[in-house]
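Biologist: Here is a model I would like to go through with you. I will ask what stands behind each term.

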Amino acid sequence: MSDQQLTNLIKMLEQIIANNLHHGDDDRVAAVAADHLHKFWARSMKQQILACVQEHPERLSAVARLTLAKLDPEAATPAEV
Amino acid sequence: MLHYYDPSTQSYEPGKTGLNPDFDYGTPASVSETLVSMSIDGRAITVPEGTSVLRAAALAGINIPKLCASDNLEAFGSCRLCAVEIEGRRGYPASCTTPVAEGMAVTTQTGKLAKLRRNIMELYISDHPLDCLTCPANGNCELQDVAGVVGLREVRYGFDGENHLDAETDDSNPYFSFDPSKCIVCSRCVRACEEVQGTFALTIEGRGFDSVVSAGQGEAFMDSECVSCGACVQACPTSTLMEKSVIDAGQPEHSVVTTCAYCGVGCSFKAEMKGDQLVRMVPYKGGEANQGHSCVKGRFAFGYATHDDRIKEPMIRDSINDPWKVVSWEEALAFSADKIKGIQARYGRESVGGITSSRCTNEETYLVQKLVRAAFGNNNTDTCARVCHSPTGYGLKTTLGESAGTQTFESVMKADTIVVIGANPTDAHPVFGSLMRRRLRQGAKLIVIDPRRIDILETPHGGEGIHLPLRPGTNVAMVNALAHVIVTEGLEDQEFISHRCDSDAYDTWRRFIAEERHSPEAMEAITGVPADKVREAARLYAQAGNGAIYYGLGVTEHSQGSTMVMGIANLAMATGNIGREGGGVNPLRGQNNVQGSCDMGSFPHELPGYQHVNDAAVRARFQAVWGVPLDDEPGLRIPNMFDAAIAGTFKGLYVQGEDIAQSDPNTQHVEAALKSLDCLIVQDIFLNETAKFAHVLLPGSTFLEKNGTFTNAERRINRVRKVMEPIAGMEDWQVTMALSNALGYPMAYSHPSEIMDEIAQLTPTFTGVSYDKLEQLGSIQWPCNDASPEGTPTMHTVDFPIGKGQFAVTEYLATEERASRKFPLLLTTGRILSQYNVGAQTRRTDNSEWHAEDVLEIHPSDAELRGIHDGDWLGISSRVGQTVLRAQISDRMMPGVVYTTFHHPGSGANVITTDNSDWATNCPEYKVTAVQVEVVTQPSEWQRNFQQFDQRQQALLEPAMQGTDQADAQPVR
């Protein structure tokens, strides 16, 4: 994973959150954003952003971290090679 | 299918069924519900009130001679050949201008009428060259036919009198000639230009004997306002306006009805042939989308199909620095399959993917995504809709429950107010643009929301439209302001909302949109549009009766593209403009099969029919038919594929009919991604920009060389019929099938109809679609299933697929791409009439005579500030790159906004567009790029590199194209 790739994923996630703030409190917004990632992000993208939150949580906003906490880890299970 | 009107067995339904599209009924159909009974030559017939006697006779099987009449034009009554006798009336009225009346008894053949008609023809022919045997129209000339029908045997006046026989031919148009020596001044061309096309470029100049058809004020056709749609050529009853291809090749001897492969209108054409040579494309009157009209692309720009640049044989190479090597299909496919399997073995199952084509057929698109999901074993499939209408899919599915427009094109004829947002129909969807103009001439009101003053605002006799020239990137602010007016001024359709929409979602939205911060006055500082104009537009739309919204990429290609689509759906639901003719939400799809490619499961998260890959029941149905387990997680979108390629985890890509290197944003990034691939397989008709980075080149087939279907912007599935053999021996669906077989996943279809049968089996909205039904009905608008066995012209008439309509909160967020001191101008992009998308097809036709290069349109004040003059070379710099284009001073945009098109690869329009994208779908934000502009003297560094790379790749291809010994070709480093 390149840093550029991660930067783009973080940008995408924060953009999704910013466009869904109207849903209410952080918990609700995070749930909506997590659902969006679940529906539209590839497995590898979910893996990368979950790895990021482990290694560099400071690069993500609080709502983004909350979003990733709600993301089903099953959806990011590495594919069989 | 052709519908033959049989008066003995069928009742006549106005303008719809029972008619033969190949027959000219003389005058347009009347749509009256009141029926009138009368007799013609003793035959009884009942027709709608308002029908002309000429048309009634034609419907009764009686052909009255005519020259100035045609059933796509209002009656004119100038040639007088259609004169008849009517019992109880004096004289010989023209049957074209005489409406039927109850009990009327008409006689069409008497001795006096025969003499009258012969006399008329004698006068015509006395001023007409008698060169029938060498005339291009010989055998297909209405003047010749009528002369025969009336029994003309002599011209008593001789040919020495004053005449027009020496009039000079105007050959300026590359596609047709105008020979006034053969003109009978019937005005059909002039009226076609007015009534069908709506351009009003032609006129009759002079009076009496001096009357001549003129393009503009005595200008040559190419110098006039003529847009070369071909309506005049089609209308001409002689050889005066004639296709040059017919002049060169002679009259065609057979024809095949098929569907145009240019824009999302999906016009039906008769491909008129001599053997396997396409002589001309004639718009087909039986085509529901175009109803016999055409544009300069579909009508004339088909020469690319036989262009020398066509890739005719499969080719392979190990590196993009190597010469191409011509190989057999078997070798090319085995090479491809080995590469893909090797990559997957080394880098994992998800390290490869495919891109489907919005220019290919539904069946071909279906097969590519099937290959990715079943043979590659992942969901890494995407399509060019990613970069155009993916927000339409997201936004309309969220709010209305289906990822498609709601209407037929014909619906616009019942609209009272037409709203055009971020679309340019007269250039990008010209045949529909003409229909829209027709409705505007009938009195419908027009609202245009666009940074640029587009041509639909200047519709001759179309009234004055309201133009809201908003700043690029402020669409959502504008749609919120419009909705605010509707809500706060009590203009909502409460009955529709209470019956059809989810009340909780509506209440939430209503509270949001009623906030003062969304008022036009509050938004004026953001949009730049005066509040009173916004209020006027909102009232006009909401109180229209029927309000119809048409939108294009100026809506979707923004960081809030999906939000804007939902905002549009909100407007339509709030005003009850959904579920009936004349209203609706109508995305104008850019390419011929964007709708179809989305329908066919091209997106990485959806199987065909927009069925999510997460849904176990859906997957189970596909797995049962496809015989393999399917991944339950979405795959990579195109931009994510690029990122992964640069990161080294995505190594193989199969691209069918899509030029991502030219059409996707931030070209340098795309090029870096393509160079990172171990195997790029490109299936295309030319060495396009993407193919220059490829390792396998599989020859594609044009729409003329294959069978299948396209689905247009009104969800209409139309047949594509093969008129000539594929240049490399295989249709595109056969190539994908062979590749799949080489990969070890068997596919065995013998005809695209079998693929459609499989699509129907697996896609709930297509269960009733089959080739047999397409032959019966001509075309089908999906959903077509048990609930709607003949298709669905207007959607959401009773309820929504999701039950209740869902209002969505649409908070405006400014894009990160903002003007600054360093980049003070905002660049936006669009299309032009004569060129099509990346231009690979139209640049290889004479259409380039209209648009040989992309230019930068800049406002006079911005130009003056920078010392820019018309024609100067301009360096255009953005935060990601620089390119150079020629200046065109234009006041179509407001100051601060510049505009260009993207039809030529060397222009590098996407060198300067950024990676910003829609929050929900990653559709690129092509429409907003902050730039600076200055006068320069040389191409940009990227352009110089592009030119060198292009020359190198052409050199690597040339030996293969010329069939030279491959051993002689050396790698170029």
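Modeller: Strand E27 (residues 716-720) of chain B is joined to E28(B) by three bridges, and the two run antiparallel. This is a predicted model, in which local features need pLDDT of at least 70 and side-chain atom pairs count only at pLDDT 80 or more, while totals for chains, interfaces and linings use all residues. Residues are numbered from 1 along each chain as its sequence is written, chains are lettered from A in the order in which they are written, and side-chain values use heavy atoms, without hydrogens and water.

Biologist: Why are E27 and E28 of chain B called paired?

Modeller: Pairing requires at least two bridges found by DSSP; these strands have three, so they pair. B:Arg716 stands opposite B:Gln781 in E28(B).

Biologist: What makes E26 and E28 of chain B edge strands?

Modeller: The open sheet has the order E26-E27-E28 in chain B, with antiparallel pairing. Strand E26 (708-711) and strand E28 (779-781) each pair on one side only.

Biologist: Why is the pair A:Arg43 and B:Asp631 called a salt bridge?

Modeller: The rule asks for a side-chain nitrogen of Lys or Arg within 4 Å of a carboxyl oxygen of Asp or Glu. The closest N and O atoms of A:Arg43 and B:Asp631 are 2.6 Å apart, so the pair qualifies. Across the interface of chain B and chain A the rule finds four salt bridges.

Biologist: What is the buried area between chain B and chain A?

Modeller: About 2400 Å², 49% of it on carbon and sulfur atoms; buried area is the accessible area (1.4 Å probe) lost on putting two parts together, summed over both.

Key:
Helix = DSSP H or I, 4+ residues; strand = E, 2+ residues; numbered from the N terminus.
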